[in-house]
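Please look through the structure below alongside the explanation that follows. The text goes from one part of the chain to the next.

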Amino acid sequence: TANNTLLSTAADHTVKVWDVENSQAVSSFDAIDNLVHDIVWDVKGDQYAFSCKDKMVRLCDGRTGMEAASFQAHQGVKSVKIVYVNDSGKMFTCGASKQSSREIKVWDLKNLDKPLHTESIDTAAGAMIPLWDADTAVMYLCGKGDGVVRLYEYEDKEPYIFKLNDGFRSNTPGKGYCAVPKRGLDVMKHETMRILKVTNSAGVQPLNFMVPRKSDAFQDDINPPTASSTPAHGCHEWLEG
């Protein structure tokens with residue numbers, strides 16, 4: 001991670017990388033005419049991806065802002081969300097088909113001509129909100145207006161994503177979701193994820209995901225070493241590569 005380095009987008013149809021300490025933009029991409037739906041860094045911070053209302057996903061160099069590739073991920077009009085799958089060279093996009101059914105697609109970043117796999121979800125209307133656990137390679141797929149959180153595990157073999165049980169189900173729809181950092185989890189109770197769910201009338205609800213184990217000892221297979229909160233370098237060092 002690079003300290004004081006921020007990726008942002010706004011209604012001016014630009015995507016910028018900022019040196020927060022010096023209050024200046026270090027790169028900018030403005031060759032778009034539509035609102036941006038999602039922006040996300042890759043795992044190393046060398047590249048970022050963003051999706052637009054024009055249905056295109058663009059990959060750009062983080063330091064220069066130059067476009068490296070672009071492709072149409074989904075044919076539907078729902079917003080597209082993006083997940084870099086660690087350093088595997090794969091990417092998930094969550095969007096909708098031409099018939100408005102929600103779906104996940106798996107892409108090989110070296111060949112964006114067609115997806116490696118397409119996973120159909122349902123026909124609900126809300127935009128999907130994927131929360132990626134890089135340590136266990138599990139995606140927690142939430143949705144605006146949904147009461148369901150679906151779990152998908154990634155493996156580097158076809159079909160690449162595998163659904164884990166029935167996930168979490170509730171009759172209370174969610175407006176927004178975020179994941180608690182790993183240092184906030186109760187690892188001695190084998191908690192692997194805690195999601196904070198914002199609702200219309202029931203406040204913020206914590207959703208705890210725990211792996212059933214007989215032992216009370218620390219389980220290093222479900223809690224491997226995670227990312228530190230200490231940045232590796234500053235923005236200036238990152239810009240120099």
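His-74 lies in the loop between β8 (67-72) and β9. In this model, which is predicted, His-74 has a relative accessibility of 1% and therefore counts as buried, the limit for that being under 20%. Two polar contacts involve its side chain. One, of 2.9 Å, joins the side chain of His-74 to that of Thr-93. The other, also given as 2.9 Å, joins the side chains of His-74 and Glu-103. If residues up to four places away in sequence are not counted, His-74 touches Lys-55, Val-80, Thr-93, Cys-94, Gly-95, Ala-96, Glu-103 and Lys-105.

Glu-103 leads on to a sheet. Strand β11 covers residues 102-108 and is joined to β12 by five bridges, the two strands running antiparallel. The bridge partner of Glu-103 in β12 is Ser-120. Both strands belong to an open sheet of four strands, in the order β9-β10-β11-β12, with antiparallel pairing. Which strands stand at the edges of this sheet? They are β9 (81-84) and β12 (117-122); each has a single partner strand, so one side of each is left without a neighbour in the sheet. On average, neighbouring strands here are turned by 20° against each other, with direction ignored. As background, strands of a sheet pair through backbone hydrogen bonds, and the pairing can be parallel or antiparallel.

A further open sheet has three strands in the order β2-β3-β4, again with antiparallel pairing. Its edges are β2 (5-9) and β4 (24-29), and each of these has a single partner strand, so one side of each has no neighbour in the sheet. The twist from one strand to the next averages 25°. Five bridges join β2 to strand β3 (residues 15-19), and these two strands run antiparallel. Within this pairing, Thr-5 has Asp-19 in β3 as its bridge partner.

Another antiparallel pair consists of strand β15 (residues 148-154) and strand β16 (residues 161-169), joined by six bridges. Leu-151 stands opposite Leu-164 in β16. The strands β15 and β16 form a hairpin with six residues between them, and in this hairpin Tyr-160 takes a positive phi near 80°.

The next topic is the aromatic rings. A pair of such rings is described by the distance of the centres and the angle of the planes. How many aromatic pairs does the structure hold? There are eight. In the pair of Trp-41 and Tyr-48, the ring centres are 5.9 Å apart and the planes stand at 85°, so this pair is edge-to-face. Trp-41 is partly exposed, with a relative accessible area of 25%, whereas Tyr-48 has a relative accessibility of 0% and counts as buried. The aromatic pair of Tyr-140 and Phe-209 is also edge-to-face, with 5.0 Å from centre to centre and 70° between the planes. This pair links distant parts of the chain: Tyr-140 is in strand β14 (residues 138-143) and Phe-209 in strand β19 (residues 204-210), 69 residues apart. Tyr-140 and Phe-209 are both buried. Elsewhere, ring pairs link Phe-29, Trp-41, Tyr-48, Phe-50 and Trp-238 into a cluster.

A disulfide is a covalent bond between the sulfur atoms of two cysteines. How many disulfides are counted here, with a cut-off of 2.5 Å between the sulfur atoms? The count comes to zero. For Cys-52, the nearest cysteine sulfur is that of Cys-60, 9.3 Å away, and Cys-52 is in no disulfide. Cys-52 is buried, with a relative accessible area of 2%. Cys-142 is in no disulfide either, and its nearest cysteine sulfur, that of Cys-178, is 9.7 Å away. Cys-142 is buried, with a relative accessible area of 2%.

How values were computed:
Residues are numbered from 1 along each chain as its sequence is written. Side-chain values use heavy atoms; hydrogens and water are left out. Two strands pair if DSSP finds at least two bridges between them. Axes are lines fitted to C-alpha atoms, for helices over the stretch in contact, and angles run from 0 to 180 degrees between N-to-C directions. Rings of Phe, Tyr and Trp (its six-membered ring) pair if their centres lie within 6.5 Å; planes under 30 degrees apart count as stacked, over 60 as edge-to-face and the rest as tilted. Buried means under 20% relative accessible area, exposed over 50%, partly exposed in between (1.4 Å probe, protein chains only). A disulfide is a pair of cysteine sulfur atoms within 2.5 Å. A polar contact is a pair of N or O atoms within 3.5 Å; within protein, one must be able to donate a hydrogen and the other to accept it, and residues adjacent in sequence count only if both atoms are side-chain atoms. Contact means heavy atoms within 4.5 Å.
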